[in-house]
Amino acid sequence: MRIRVRVNGVWYERDVEPRKLLVHFLRDDLGIKSVRVGCDTGHCGACTVLLNGMPVKSCNVLAVQADGAEIITADYGDELMERLKRAFHERHALQCGFCTSGMLLASYALLRRNPKPTEEEIREGISGVLCRCTGYQNIIEAVKAAI
Amino acid sequence: MKHVGRPIPRLEDYHLLYGGARYLDDIELPGQLYAGFVRSPYPHARVKRVDASEALSMPGVVAVFTPQSGRPFDFAPGGKVRYQGEAVAMVVAADRYLLYDALEKVYVDYEPLPAVVDPIKAMEPGAPVIDESLGTNIAKREKYASGDAERALSSSDRVVEEELVIERTVPAPMEPHGVLAAYDGRTLLVYDSTQKPHIVRREIAKSLDVPLTAVRVVQPDVGGGFGSKIQVYPEEIRVATAAMALRRPVKWVATRSEDFKMTTYGRGLILRYKAGFTRDGVLKAIKGEVIADAGAYDWFGFELASTAVTMLPAAYKVRDLDVDAVSVLTNKPPLGPYRGAGRPEATFFIERIMDLIADETGLDPVEVRRRNLVEAAPYENPFGMSYDSGEYVAGLQRGIEATGYYDLIRNAESERARGRTLGVGMSFYIEITTYGHEVAIVRAERDGSFTVAVGIAPHGQGDATGIAQLVADELQIPIDKVRVVWGDTDLVPDGLGTDGSRSLTAGGSAAVLAARRLLDELKKAAEAMVGGPVEYSNGTFRSGDKAVSIAEVVEAAYRGKVKAQLEAMEVYRAKATYPYGVGVVVVELDPETGLVKPLLYRSYDDVGVVVNPLLAAGQIHGGALQGISQVLYEDVVYDQEGNLATPNFAFYHIPKATEAPRYEPHFAEAPHRSEHPTGTKGVGEAPTIAAAAAAIKAVEDAIRRATGKKVRLRRSPVRPEEIYRLLRE
Ligand code: FES
Ligand code: FES
């Protein structure tokens with residue numbers, strides 16, 4: 001099937017097998033490697049992207065379902081994403097970095113829909129993404145700093 | 001300006017945040033093939049026949065390797081599979097999706113055998129024997145004895161006997177295992193998600209029977225390891241072998257469910273013991289055995305049991321000990337190191353014993369520890385471990401003050417009046433870090449900057465930043481003039497990689513000494529340039545009114561105007577060192593459901609010099625959550641036939657942000673330096689060690705507060721259903 005998606009502001013048009021997952025389409029077909037795969041059951045959130053503004057696990061979506069959609073990944077470089085990245089750096093919110101794309105996107109989506117979240121709301125907002133390294137506190141502090 | 005001691009944000013971050021990150025699966029080589037493994041559904045079975053003909057006829061399939069492929073693939077050694085998920089064949093295909101199709105079409109004839117998953121049952125006569133050549137499931141047993149435990153027990157006021165169980169855990173770094181290998185007819189290039197690139201290189205060369213020079217291992221960015229990427233797995237060897245056989249790049253990346261089948265598991269130790277103590281709370285003797293649930297192959301089980309035994313006495317005075325270390329084969333994936341590797345278990349066991357003594361004597365848990373602690377190091381424990389430096393009694397006191405332990409207890413009492421059930425637990429730990437040699441090369445670059453190549457292999461810990469701080473201070477230059485590289489066996493010297501909380505201490509000390517030596521060399525060159533003895537400070541050599549900058553000396557040497565060594569290499573032998581401290585956990589219990597939530601982790605750690613407090617605190621946060629999570633959330637479950645009932649994140653619970661506590665680490669104000677040039681002792685595992693022991697006590701404390709009854713928890717994890725039952729008993 002032929003699909004068209006707009007990723008980080010750029011339109012791509014490709015033929016895909018109907019069974020291909022969006023995460024594999026982004027990684028293998030478009031070469032967007034910042035979208036990561038940490039599980040095969042939809043639990044880790046490493047593959048989180050924004051699909052029409054909503055955070056989704058791209059391993060739970062077929063590429064064909066994203067036809068016509070606007071996708072944002074951690075490579076997106078607007079002012080909010082930049083602020084988040086700086087805060088992640090300053091607050092030591094990443095260790096191995098494997099969850100970081102997912103964390104940035106979950107945080108980005110949260111701040112877009114709720115520019116002044118409480119700590120509880122931040123915890124809730126990033127709870128779809130697992131981090132095995134940081135214990136989460138510095139990620140939460142980074143999101144607060146980026147508000 | 002000094003860098004050591006300052007909370008400098010990580011230099012590694014830029015590359016991870018701004019599109020530079022390359023984890024194993026992000027690397028693509030032209031013409032690369034995908035490998036996958038056919039894995040046994042049975043926990044124990046004879047492999048009669050593997051039929052790959054249908055798979056081989058499928059589109060995209062390049063090759064199938066089976067037990068008939070022989071060594072070094074080495075599928076089903078001895079004609080058997082010994083755990084559910086053990087690989088029996090390997091398919092190589094041109095595409096990920098076609099690979100998964102083909103894996104379904106490899107047919108294996110199994111003759112199922114009875115399995116044993118409980119190590120205690122595995123030791124009983126009549127249990128299915130996993131390794132027939134041993135004739136028993138007891139892989140190894142060794143006695144560790146000191147003093148006269150029997151006599152000390154009989155002269156104790158009280159003797160208790162019980163069993164403490166730490167179930168297995170899954171290390172579960174967020175990036176699963178994976179490897180990509182390519183062979184050019186002469187050299188194997190292996191990208192590997194590993195903690196130990198040089199060890200992988202050695203193992204591959206040995207298994208494939210090629211010279212070391214024919215193997216280059218590159219560690220890309222690694223998405224966590226926690227000990228599970230120390231082992232060189234058969235999969236790594238097989239992928240390299242396939243790449244060599246096919247002369248095409250071959251990549252294998254485990255799915256998470258596959259990772260749960262093949263990774264080494266952590267913890268998995270049992271202490272069966274008798275302990276004797278006096279009426280006034282002094283521990284006199286321990287007699288018993290530490291049993292490792294080693295899994296199907298004893299890769300590391302015995303190591304873990306023996307570490308747990310030798311660190312069991314901790315910093316307590318008890319010297320009458322008689323404890324066996326035993327590793328027992330079971331039909332499970334092999335046991336391996338997991339953050340702390342034997343020390344969390346030792347601490348868990350001995351701190352459970354201290355809590356028991358407190359309960360039995362009615363003494364305060366802190367007071368029991370105070371009465372048993374050795375005053376200070378140097379101290380040689382009964383098994384010959386030489387604790388290098390530290391004040392244990394004073395450290396306990398400072399830890400209790402810094403963590404506000406008694407305030408937390410008072411707060412828990414007053415919250416009770418408001419209808420909340422909190423529990424507070426503390427632990428005192430001492431642990432051993434640092435072993436082996438480590439290597440560093442410092443090279444002066446033409447622009448006056450310095451490259452530090454290290455044999456450690458950090459993957460999230462931030463050691464590159466820490467080492468840059470150390471080297472910048474040693475050379476008295478700004479940190480942005482130091483670049484630290486690692487992880488490529490072609491470019492960095494042969495080190496042992498990253499594990500055991502040793503990287504900054506061993507690797508950093510090697511780097512400091514290499515920098516010192518290089519500076520001496522440059523000083524000689526500077527003296528030749530100015531024609532007299534020079535003093536060095538802050539990047540400049542001075543002699544009277546003459547001065548030459550370090551960059552000018554290097555530049556002159558690169559242009560051949562002055563003779564100088566521009567590179568220095570140091571091999572550093574690193575002795576063990578012993579961090580210690582106090583961990584406190586506060587939990588909240590929901591008496592309706594038995595669910596427990598961690599609220600707070602506070603710690604006081606004497607880990608020697610803290611090179612970078614920002615990064616050290618980060619280690620405390622993440623390490624504490626792993627320790628707490630082991631007790632509250634993470635549960636590896638097998639059914640009676642030996643099927644893994646928790647095969648991935650859908651069933652095995654890794655805590656989310658909503659389930660994590662606050663962390664408030666404190667580091668000793670006047671830390672006891674290690675004798676290493678860095679003065680550091682290591683911080684990566686300390687919090688995991690302290691937190692698990694404190695967490696289980698916190699749960700007990702919460703149950704006591706809810707029911708008014710003393711309870712004794714003997715198993716980690718503590719399941720909510722057990723708490724629920726205790727609440728209603
Ligand atoms: S890869 Fe884990 S949720 Fe998508
Ligand atoms: S930084 Fe390693 S998983 Fe989050």
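In the predicted model, helices α15(B) and α16(B) are roughly perpendicular to each other, since angles of 65 to 115 degrees count as such and the two helices, spanning residues 503-530 and residues 550-558 of chain B, pack at an angle of about 80° with their axes 10 Å apart. On the side of α15(B), the contact is made by B:Leu519, B:Leu522, B:Ala525, B:Ala526 and B:Met529, which meet B:Ile550, B:Glu552, B:Val553, B:Val554 and B:Ala556 in α16(B). By class, this contact comprises nine nonpolar residues and one charged residue, with no polar ones.

Elsewhere in chain B, helix α3 (residues 96-103) has B:Arg96, B:Tyr97, B:Leu99, B:Ala102 and B:Leu103 among its buried residues. The buried residues of α3(B) pack against β1 (33-39), α2 (53-56), β3 (61-65) and β5 (87-93) of chain B, and also against α1 (22-29) of chain A. At the start of α3(B), the backbone nitrogen of B:Tyr97 lies within 2.6 Å of a side-chain oxygen of B:Asp95.

In chain A, five strands form an open sheet of mixed pairing, in the order β2-β1-β5-β3-β4. Helix α3 (residues 100-113) of chain A lies across β3 (48-51), β4 and β5 (70-72) of chain A, and runs at about 35° to β3(A).

Conventions
Residues numbered from 1 in each chain as written. Chains lettered and ligands numbered in written order. Predicted model: local features only at pLDDT ≥ 70, side-chain atom pairs only at ≥ 80, totals over all residues. Heavy atoms only, no water. Axes fitted to C-alpha atoms, helices over the stretch in contact; angles between N-to-C directions. Helix = DSSP H or I, 4+ residues; strand = E, 2+ residues; numbered from the N terminus. Parallel < 35°, antiparallel > 145°, perpendicular 65-115°, else oblique. Contact = heavy atoms within 4.5 Å. Nonpolar A, V, L, I, M, F, W, Y, C, P; charged D, E, K, R; others polar. Buried < 20%, exposed > 50% of the residue type's maximum accessible area, 1.4 Å probe, protein only. Polar contact = N/O pair within 3.5 Å; in protein donor to acceptor, adjacent residues only side chain to side chain. Pairing = 2+ DSSP bridges.
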